Structure formats: structure tokens, C-alpha cells
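Reader: I would like to go through this model and ask what stands behind the terms used for it.

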Amino acid sequence: MKITRILAYRVELPLYETTYKWSGGKSVTVFDSTIVRVETDSGLIGYGEVCPLGPFYLPAYADGVRAGLKELGPHLIGQDPRQLGKLNRLMDAALKGHPYVKSGIDIACWDILGQAAGLPVCELLGGRYGEDFHLYRAISQESPEEMASRVAAYRAEGYRRFQLKVGGDPDVDIQRIHAVAAKLQPGDRLVADANTGWTQHEAVRVVRGVRDIDVYIEQPCLTYEECLSVRRNTDHPFVLDENIDGLDVLLRAKADLAMDVVNLKISKLGGLTKIRQARDLCVSMGIAMTLEDSWGGDIATAAIAHLAHSTPTEFLFTSTDFNSYVTVSTADGAPQRVQGRMAASKKPGLGVTPKMDVLGKPVLLVE
Ligand SMILES: [Mg+2]
């Protein structure tokens, strides 16, 4: 089987909540997502999606996805999409770095492999664990009262895990965490994600200010070393995210006992092939995970679901249903949240059928 054409579509994804705000005054109102279509000489077609959280979250931006595909695409024509190890080595040889550019192609090729094998991607990634899995709800940064009322409302919809966007004024963040914690019940899980927003001394103040609350602290500071210092000053369960973008730093963090949970995102690692390697390593090392992506719609959510559902349940801390945050549906067959939980499709591949009228005309064609 050979890749014959690669196409890309640009889709805008507005938010039901209209704006998503996190640390440092950063926000997004409409997501700019790229859907990648890989065609083959067998007639099988695969889809992937890459949607950065704006240009200021990770070293990734929406136009960069398209520019990178234009650069990388010609190297992939004629390659077998099912040989994902070889394909990833070829992508890494042809374009240094830029893992998020490669992610959409890699996801689309897993979709093709699954269709060719007649198996859902989650079964190819290791097997399906349980009927479904836990989701968290991200709570956009607002006043403590507003965040508490949003948590109560999402709790009523079935979510039991909440990730607060903090990383603002540390005194207000302490109030945010207390206000939200008052809405929770036994069995719920609360994460305060500062998204690198605190300086080291601010982070140490916050963890002292919420000492009596059952809350996980996620990525308090910009650098790994600052986070490690905070980690050593608190007994809260600790999550690293932005700093963990590959195996080197993942192994270093394990050796330093720098985290209890790690947040791995498909495009941050460079696709399903690479995140599977990191995921399996975490399982072997006893590190639980939040498995997700930076953002996306139906196709990214489908890829997340296959990854999450193929992860041993005790090591899957949470995952994300991004397609329920946005107002535009780009594909049929995508997983849907039920009572704060989600399951991967049982159809071959990703199990999604893109809505071509929503995708519109391709913005890039490589053949
Ligand atoms: Mg995070």
C-alpha cells in the first residue's frame, strides 16, 4: 500500500463557553484546527487532526501545521502508511523537530492501518480496557465564584474530575481552589493547573495556602527545575505537563521523582506512535497519565479516545472530550461523552467519517 495524496483542511471551532482563559491572561475564542487526509492506492483513506491551543501555549501554531505539511508531505508520497515505525523515522529525518506537524499524518496512518486490519485503533494500541473511561472538565479561569458554579454545573452533567485553570494572582488562585473544593463530593478529583503561570515563590505560597485541600498541583512554573523545587516543598499529588515533551525529560522526571501523574498530549509528543511509546513506558514506571491533546474537534477526540481506552485503567488518571467544548462537529462516529465518561469506537480505524461539507475545500494538496 502506498500513500498517493495528502490533503489538509482548515476548520474553525468556536466554543460553547465563547472563551477559554488560562494563565497569564491567555485566551482563545475560536480554535483554528487542521484536518489531515491521507489517501492511498488501495482506496483506503485516513484522517488526523492537529489543533494547537493558540500560538502561545506549546511551541506550535495553526499556520505552522499547514506550512510543515507542505514541507513534509512530498517525502511521504509512495510510502506505506501501515509501517508506522518506518514512517516516523522518515518524518524525523525529513523535518527536524516540529512534532505537532507530524502528529496529524501519524494519526491518519493509524486510521488507515486499523481499516486495513479490520480493527479499531485502540485494539492495535494494546487492547481495550473496560467499558469506558473517566473524563475531566477544564474550568476556564474566572472569578472564584464563577469557577465554583461552573464546577457544580458540570458535576451535574456527570463529570467527577475537574481541572481548574489557575496560574493567575496567587491570592485569587488560593480562593479559586477553596471555592471549588467546597462544591465537591468524596470520589471527585480536583486539579489546579497553573500552566506555568506562577513564579517559584508564588507557587510555594499557593501550595501552602491550600494545604488542607485534596488537590493535585499541575505544572506550576515555567521550567522543569522550578517545578521540581515546588514539588519538593509540597505533599500534594503533582502533575507535570508542558515540560514533558519527550522520552529524555520523562525519564529524568521519573529519576528525580518529580511527578505522580504526567499529562501527555498526542501532538506534543508527535503522534500516536510516539505517545504510545511514552504511555507504555509510564505504565512500566508506575506513573499515571492524563492522555489528551492540546485541543481539537471530533477527529482529535476520536484519536484521544483510542489512546485512552487502550491504557490500563489504573494508570489512566483522566482524558478529555474536546468535541463537547466546541460548537462545530467535523465527523460522524466520533465518541460522545456520557455521564462524564467516554469510549472509543468499535469500528475499524478511528471509526470516524468526516463531514466533507464542514471541511470545505482543501487548503493544501500534496501528490
Ligand atoms: Mg496541563
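Reader: How far apart do the C-alpha centres of domain 1 and domain 2 lie?

Author: The centres are 22 Å apart. Domain 1 covers 3–118 + 354–366 and domain 2 covers 123–350, with bounds from an automatic or database domain assignment. This is a predicted model: local features need pLDDT of at least 70, side-chain atom pairs count only at pLDDT 80 or more, and totals for chains, interfaces and linings use all residues. Residues are numbered from 1 along each chain as its sequence is written.

Reader: How many residues of domain 1 are in contact with domain 2?

Author: 47 residues of domain 1 are in contact with 38 residues of domain 2; contact requires C-beta atoms, placed from the backbone, within 7 Å. On the domain 1 side, H3 gives the largest share, 13 residues. That side divides into 28 nonpolar, 12 polar and seven charged residues.

Reader: Why is H9 called roughly parallel to H11?

Author: The axes of H9 (residues 247–255) and H11 (residues 272–285) cross at roughly 10° and come within 11 Å. Axes are lines fitted to C-alpha atoms over the stretch in contact, and angles run from 0 to 180 degrees between N-to-C directions. Angles under 35 degrees count as roughly parallel, so H9 is roughly parallel to H11.

Reader: Which residues make that contact, and what classes do they fall into?

Author: H9 contributes Leu247, Leu250 and Lys254, while H11 contributes Ala278, Leu281 and Met285. By class there are five nonpolar, no polar and one charged residues; Ala, Leu and Met count as nonpolar and Lys as charged.

Definitions and conventions:
Helix = DSSP H or I, 4+ residues; strand = E, 2+ residues; numbered from the N terminus. Parallel < 35°, antiparallel > 145°, perpendicular 65-115°, else oblique. Contact = placed C-beta atoms within 7 Å.
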